[in-house]
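Biologist: I have a new model open and would like to go through its side chains with you, one topic at a time. Please set out your terms as we go.

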Amino acid sequence: MIQTITNYTRDIVRFCESLNASSVEEVCRLLLDAYRGKKRIFVAGNGGSAGTANHFCCDFGKNAVKSENDRPKILSLSANIEVVTALGNDFCYGDIFTEQLKNLMEDGDVVLLISASGNSENIVRAARYARARHGRVIAFTGFDGGKLGTLSDIEINLPSASYEQIEDLHMILCHMIVCCFKSMRLGDGV
């Protein structure tokens, strides 16, 4: 058991150290442009990635901008279980995010999709829909990035084969982005 803990920790540190800082900065710049342009930011994921999507929306929505007047317009498509299950039941599970985007998305909005495999059908469909609406797609993936990686404007891929490590790293990435966004925003005098 000690060896498993040691290996897990070593792998997390190794992936953090190999993270492409330029890609993280690019995500932050895209989010800053969306914020300044009053664009919406939608976030979605399944399972543990849904939890990450919800957590990121909470942190980004309340911590990235402290002003009462100009908070980011951010929404998790994974958060409303009533909507998710109704859409899954009435349409199909593959359309639970796309159908929400049809109600809410405007051209030029940003969609951040989180998927360890990059192959979840509902995530892939959401990416295709966002691109058709001239939206910008950010992907947080694991393994080899899957289909989602090829559909994104910016992909941050963490090539682990462990769902647990990928989900941990995606959460670290979300916290990092909130901190970087605050720094960029304040540094730019916004």
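Modeller: To begin with a term, a residue is called buried when its relative accessible area is under 20%, exposed when the value is over 50%, and partly exposed in between, using a 1.4 Å probe and protein chains only. This is a predicted model, in which local features need pLDDT of at least 70 and side-chain atom pairs count only at pLDDT 80 or more, while totals for chains, interfaces and linings use all residues. Residues are numbered from 1 along each chain as its sequence is written, and side-chain values use heavy atoms, with hydrogens and water left out.

Biologist: Is Cys180 buried or exposed, or in between?

Modeller: Cys180 counts as partly exposed, because its relative accessibility is 29%.

Biologist: And how many disulfides are there?

Modeller: Taking a disulfide as a pair of cysteine sulfur atoms within 2.5 Å, the count is zero. Cys180 is in no disulfide, and the cysteine sulfur nearest to its own, that of Cys28, is 4.7 Å away.

Biologist: Which residues line the largest cavity?

Modeller: Its lining consists of Phe15, Cys16, Leu19, Leu158, Leu169, Ile172, Leu173 and Met176. Two elements, α1 (2-18) and α8 (163-187), each give two or more residues to that lining, and α8 gives the most, with four. The helices are DSSP runs of H or I with at least four residues, and strands are runs of E with at least two, numbered from the N terminus.

Biologist: What about aromatics, how many pairs?

Modeller: There are four aromatic pairs, where rings of Phe, Tyr and Trp (its six-membered ring) pair if their centres lie within 6.5 Å, and planes under 30 degrees apart count as stacked, over 60 as edge-to-face and the rest as tilted. One of them is the edge-to-face pair of Phe143 and Tyr163, at 5.0 Å centre to centre with 65 degrees between the planes. Phe143 sits in the loop between β4 (136-142) and α7 (146-151), whereas Tyr163 is in helix α8, 20 residues apart. Phe143 is partly exposed at 26% relative accessibility, and Tyr163 is partly exposed at 44%. There is also one aromatic cluster, formed by Tyr35, Phe56, Phe60 and Phe181.

Biologist: Last topic, which side chain makes a polar contact with Asp95?

Modeller: The side chain of Arg125 does so, at 2.9 Å, where a polar contact is a pair of N or O atoms within 3.5 Å, one able to donate a hydrogen and the other to accept it within protein, and residues adjacent in sequence count only if both atoms are side-chain atoms. Asp95 lies in the loop between α4 (81-90) and α5 (96-104) and counts as buried at 19% relative accessibility.

Definitions and conventions. 1 Å grid on protein atoms, 1.4 Å probe; cavity = no way out; pocket = protein on both sides within 12 Å on 5 of 7 lines; lining within 4 Å.
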